[in-house]
Amino acid sequence: MGSADHQPFRIAIIGGGIGGLFCALSLHHHCKNDNIAIHVYEQASQYSEIGAGVGIGVNAAKLLHRIGLGDAMNNIAGDRKGVWISFRRYDNGGDIVTVPSPSNDQQKIRQLPVHRAEFLEVLLNAVKERGAATLHTKKICKEVKEDGKLSRIHFKDGTNATADLVVGCDGIHSNLRAQYAPENPTYSGRIAYRGLVPTSKVEAWWPFQTYSVSWLCKDKHFFVFPISQNRTLNIVAFVSTPEEKLGGLRESWTSTGERGQLATDFEDFEETVRRVIGCMDEKPSKWILNDREPLEQWVWVSGKVVLMGDAAHAMLPHQGAGAGQAIEDGYILGRALHDCLSSRGSVQKWANLYQDVRLPRAQKAQRTAREAGDVYEMQAEGLKGVDYDDCLPLVRDRLKDRMKWVWSEEIDEAYESEKAKMAQ
């Protein structure tokens, strides 16, 4: 196992965002009697998130409840009124298809549209209250080297640390992943604007029964959903854009654009969209959406290094499933490590089990997120070149059930099934 019996099994989590802190809490929850020590290394000077919304489906919400975070999450979530997304015509707001949530939003376990910063605060408070991990800041991982039975992490500030297990949760531009697998982003063909608007600015004239609405048009779509107990609307606007017109735009949430350009891009959309844009900041976030080929290996150095979240399977945002997949990763890694330590088994074997459970499902989420964007903007096979009105019944058929496989997964059953195969 790499450490003498009296020494704790030391886990280094690289990255202190949502995925990293949830992973710390999951490991602490599942392995609390297994003599572990968790250290989280965050590159920024403090634990914080950008001001944007994120959707958590019921598949991941269940796991948050299982480790005791459900009530705190419900307290910060928006209420979509039992709707996942109401898809609408861009020109007159007419209904294309309204996809219900798999659970009523008054139920204890329900979808969780939340503000990223508030989500991180829930996780950070729980880590501190439970004593789940030692938190470090200003720690940029440069490389990891094998050091006997341990791994040694070298940081940019010249310091280093050792661990029995290194977990890469350092996001879409992961330094840790880059050490083992080359970065392979390709431009997806779309840019995105993002912003937040107080619900108080729109509630007097909002025409729909839910604040979760996406207006679909050929080559662009405009999506809003509520966060922060419906005090705020999260807004994301997508525009298909030729690569030669990007003008140096980057894959970064700190990049900004002009509200005037956003208004021009959506000037042919119905009045509700135009009024929402009028409520946005003058400088909304604006960035390119890159796609990535699936990574076929998440476990390295004989199981001593594993990847999770965006470091392992960054995906386009079109299904709102990326954060939920990171939560599933952290949950299953917690289960696998507990079984490893309690059975005094091989770290490699149990790390591979984590990968066997999670990789196929995460890769399907990557693939279907890509496909969803093409359906929304009517660029998918069978929709491209078809008149807008003729596309709508086809779009309806492709959207009405497409999220069921994400939401209905029983991740504990999937783990037990793979574990049983391993024992054969």
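A: Let's take helix H4, residues 116–130: at 1.5 Å a residue its 15 residues should span 21 Å, and because the end C-alpha atoms are 21 Å apart, the two agree. That expected span is 1.5 Å times one less than the number of residues, and helices here are DSSP runs of H or I with at least four residues, strands being E runs of at least two, numbered from the N terminus.

A quick word on ground rules: this is a predicted model, where local features need pLDDT of at least 70, side-chain atom pairs count only at pLDDT 80 or more, and totals for chains, interfaces and linings use all residues. Residues are numbered from 1 along each chain as its sequence is written, and side-chain values use heavy atoms, leaving out hydrogens and water.

Back to H4: its buried residues (under 20% relative accessible area, 1.4 Å probe, protein chains only) are Arg116, Phe119, Leu120, Val122, Leu123, Leu124, Ala126 and Val127. An α-helix has 3.6 residues a turn, so residues three or four places apart point the same way. Just after H4 comes Gly131, with a positive phi of about 60 degrees.

Zooming out, the chain holds 13 helices and 18 strands, and 57% of its 424 residues count as buried. Its C-alpha atoms fill a box of roughly 70 × 45 × 40 Å along the principal axes. Take contacts (heavy atoms within 4.5 Å) between residues at least 6 apart in sequence: 77% of them join residues at least 24 apart.

Definitions and conventions:
Buried < 20%, exposed > 50% of the residue type's maximum accessible area, 1.4 Å probe, protein only.
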